[in-house]
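This report moves from the overall fold to a few selected sites. Keep the sequence and the structure in view while reading.

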Amino acid sequence: MFSIKSYRPLLLGALVSFLIPNLALASGFALIENSASGQGNAYAGAAAHATDGSTVWFNPAGMMKLDRDQLVFAGHIVSPDASFTNNGSSQATILGGGPLTGPDDDGGSTAFVPNFYWVKTINDATKFGLGVTAPFGLATEYGNTWVGRYHGVLSELKTVNINPSLAYRINDRVSIGGGLNIMLGTVDLTSAIDFGALCVAGAGVAACAGTGASPQDIDGFADLSADNNDDISTGYNLGITIEAGSQTTFGLTYRSEIEMKVKGTADFTVPTSSAALTGVVAASG
């Protein structure tokens, strides 16, 4: 949830229309880059093949297959492409139906995604592990004047997952494991607001013409920032490995969903000429 610093119904409606399409893309922020060794074989058989301490994330039971304590740190450079080419996008008929203005853009942002693992032997049948990863993240960031600025400019999600785990060897062939997941996250969503379009939609072309409030000519800005520091998200993961032979291991793992509830603020930049539409003090000219 968000706490709104100041708003009127007209401005809140613009905020909601901008917020929904950005949140719908959240699943596109999932990251599998949680292991350097796993990346080398495209994470094939990750539930059964315990190469190093990153098994804490993929299957905690796999810690019992490691022959020594381990400290692992790795990172990935992720450089996505989110280019957009406009092919005749236009405004709604009520706003005149003219073409959308602004340049095309590529919102892909290069990022470094780190991970850290520590595995420690407690006794012959038990091991402790700790994983620190970023299972969701990255961002798309377009220019403030790009053609899709009313749908979104910045959409950024950052998470840190802390995963303490235990593994236990039941016998020479079967091991089990489980862990707690503690996830911290921040969200930042920004978008331009077309105050000219808001004026025309609410009062009509004739009423807005005298003020110069034409669609796409008077832009404001909305910035939503939030985190879950007041309501930390938790989940769990479980795993089992079965050694069927010297060269054959079966692995099964489960990771629960984690619901992240964020709380923050919504800040608005309102053009001076459009302050009357919102009833707030204008933040810029």
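Six helices and 13 strands make up the secondary structure of this protein. The model is predicted. Of the 285 residues, 41% are buried. Among contacts with a separation of 6 or more, 71% join residues 24 or more positions apart. The protein exposes about 14,500 Å². Carbon and sulfur atoms supply 59% of that area.

**Asp 52**

Asp 52 sits in a loop. That loop runs between α2 (36–40) and α3 (55–58). Which side chain of opposite charge is nearest to Asp 52? It is Arg 68, 9.0 Å away. A salt bridge needs a side-chain nitrogen of Lys or Arg within 4 Å of a carboxyl oxygen of Asp or Glu. Asp 52 has no salt bridge, yet it is buried.

The side chain of Asp 52 does have polar partners. Two serine side chains make polar contacts with it, as the table shows.

| Side chain | Partner side chain | Polar contact distance |
|---|---|---|
| Asp 52 | Ser 37 | 2.9 Å |
| Asp 52 | Ser 54 | 2.6 Å |

Leaving out residues up to four places away in sequence, Asp 52 touches Ser 35, Ser 37, Leu 66, Gln 70 and Val 72.

**Ile 162 and a nonpolar patch**

Next comes the surface. Val 160, Ile 162, Leu 184 and Ile 232 make a nonpolar patch there. Its area is about 270 Å². Ile 162 belongs to strand β8, which covers residues 154–169. Is Ile 162 buried or partly exposed? Its relative accessibility is 30%, so Ile 162 counts as partly exposed.

**Ile 242**

Another isoleucine lies in strand β11, residues 233–245: Ile 242. Why does Ile 242 count as partly exposed? Because its relative accessibility is 36%; the partly exposed class lies between under 20% (buried) and over 50% (exposed).

How far apart in space are Ile 242 and Ile 176? The C-alpha to C-alpha distance is 9.0 Å. In sequence, Ile 242 and Ile 176 are 66 residues apart.

Ile 242 also touches residues on both sides of it in sequence. Arg 173 and Val 174 are among them. Thr 248, Thr 249 and Phe 250 are touched by Ile 242 as well. Residues up to four places away in sequence are not counted here.

Notes. Residues numbered from 1 in each chain as written. Predicted model: local features only at pLDDT ≥ 70, side-chain atom pairs only at ≥ 80, totals over all residues. Heavy atoms only, no water. Helix = DSSP H or I, 4+ residues; strand = E, 2+ residues; numbered from the N terminus. Buried < 20%, exposed > 50% of the residue type's maximum accessible area, 1.4 Å probe, protein only. Lys, Arg positive; Asp, Glu negative; His and termini not counted. Polar contact = N/O pair within 3.5 Å; in protein donor to acceptor, adjacent residues only side chain to side chain. Contact = heavy atoms within 4.5 Å. Patch = residues over 30% accessible without salt bridge, like charges linked within 9 Å, V, L, I, M, F, W, Y side chains within 5 Å. Areas by Shrake-Rupley, 256 points an atom, 1.4 Å probe, with all protein chains shown as cover.
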